[in-house]
Amino acid sequence: MNINLMKLLWSKQGVTGLLVFLLPCLSLVTLWGVSACSFLFFLVSLAFWKDCRAAMVRHWSAVRWVVLAFLANFLFVALCFALRPDAILGNLEKPARMFFAVSALALVLAFRPPRAVLWWGVIAGALGGAGLVFYQGLGLDMERPGGMINPITYGDLLLCLSLLSLTAALDMRQGLRIL
C-alpha cells in the first residue's frame, strides 16, 4: 500500500475522516454501526482533547445553543432518573447519545475532513443497505425485508441515504474527488 496514503490515514484528519465515512456506511447494514461510531468519536475526541477543545472555543458562538440544548436535555433526563426509583437506565441512552455527539462536532471542527469522505460513506451506506434488502428479499425469501429494524423505518432511512447519495453525486460533479 502507498506509504503516503498510510500516513494520511493515520493522521488526525485521516482518523476523523475514517469515522465520518464509517458512520453513514455502517448505519443501516449493522446493528452496532451507529453505537460503535459514536463511541469511537468519543474516544478519539478524548485522545485529541486539546485540539477539539480549541476548535470548540473558536466556534463557540456558532455552536453554543446546540451544545447547551443537548446538555440541558441530558441533565433533565438524568435528574428525572435520579429522582424516580422505578426509572430504568435505558431512558438515559438517547439524551446521552445526543450530548456525546458533541464529540463528533468537535472532531470535525478541529480537523476538517474533506466532505467527499462523508459523501462516499453515504453512497456506500445506501448501496450496502439496498444490497441487504435485495439479499433479504430474494436470497432469504423474506416477505417484507427491512434490514435490521422495522421495514418501514428501514425503507425511510434507505430512501434518505439514497437522496443524500444523489446530492453527493451533484456535489462531486466537477470531477471524481476521492479524498
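Predicted model: local features only at pLDDT ≥ 70, side-chain atom pairs only at ≥ 80, totals over all residues.
**Arg84 and its partner**

I started at Arg84, which counts as partly exposed because its relative accessibility is 47%. I then looked for what the Arg84 side chain meets, and found Asp86 in a salt bridge, at 3.4 Å from N to O. Asp86 comes out as exposed, with 56% relative accessibility.

**The other salt bridges**

How many salt bridges does a search of the whole structure find? I got 4.

Arg97 has Glu93 as a salt-bridge partner, with 2.9 Å between the closest N and O atoms. I checked where they sit: both are in helix H6 (residues 93-100), 4 residues apart, or about one turn of the helix. I looked up the accessibility of both ends. Arg97 is partly exposed at 37% relative accessible area, and Glu93 is partly exposed too, at 41%.

Next I took Arg115, which forms a salt bridge with Asp171; their closest N and O atoms are 2.6 Å apart. Arg115 is in helix H8 (residues 115-139) and Asp171 in helix H9 (residues 151-171), so this pair ties together parts 56 residues apart in sequence.

I went through helix H4 (residues 49-58) for burial and noted Cys52, Ala55 and Met56 as buried. Why do they share a side of H4? They cover an arc of only 100 degrees around the axis, which puts them on the same side of the helix. On the other side of H4, I found Lys50, Val57 and Arg58 exposed. I then asked what the buried residues of H4 pack against. My list has H3, helix H5 (60-83) and helix H7 (102-111).

**Cysteines**

I searched for disulfides and the count is 0. A disulfide would be a covalent bond between the sulfur atoms of two cysteines, so I went to the sulfur distances. For Cys25, the closest cysteine sulfur is that of Cys37, 8.7 Å away, which is too far for a bond; the cut-off is 2.5 Å. Cys160 is in no disulfide either, as its nearest cysteine sulfur belongs to Cys25 and is 15 Å away.

**A nonpolar patch**

Which residues make the nonpolar patch of about 520 Å²? I noted Leu31, Trp32, Met148, Ile149 and Leu157. I followed up on Leu31, which lies in the loop between helix H2 (12-26) and helix H3 (33-47). Leu31 counts as exposed because its relative accessibility is 64%, and the cut-off for exposed is over 50%.

How values were computed:
Residues numbered from 1 in each chain as written. Heavy atoms only, no water. Patch = residues over 30% accessible without salt bridge, like charges linked within 9 Å, V, L, I, M, F, W, Y side chains within 5 Å. Areas by Shrake-Rupley, 256 points an atom, 1.4 Å probe, with all protein chains shown as cover. Helix = DSSP H or I, 4+ residues; strand = E, 2+ residues; numbered from the N terminus. Buried < 20%, exposed > 50% of the residue type's maximum accessible area, 1.4 Å probe, protein only. Arc of directions from axis to C-beta. Contact = heavy atoms within 4.5 Å.
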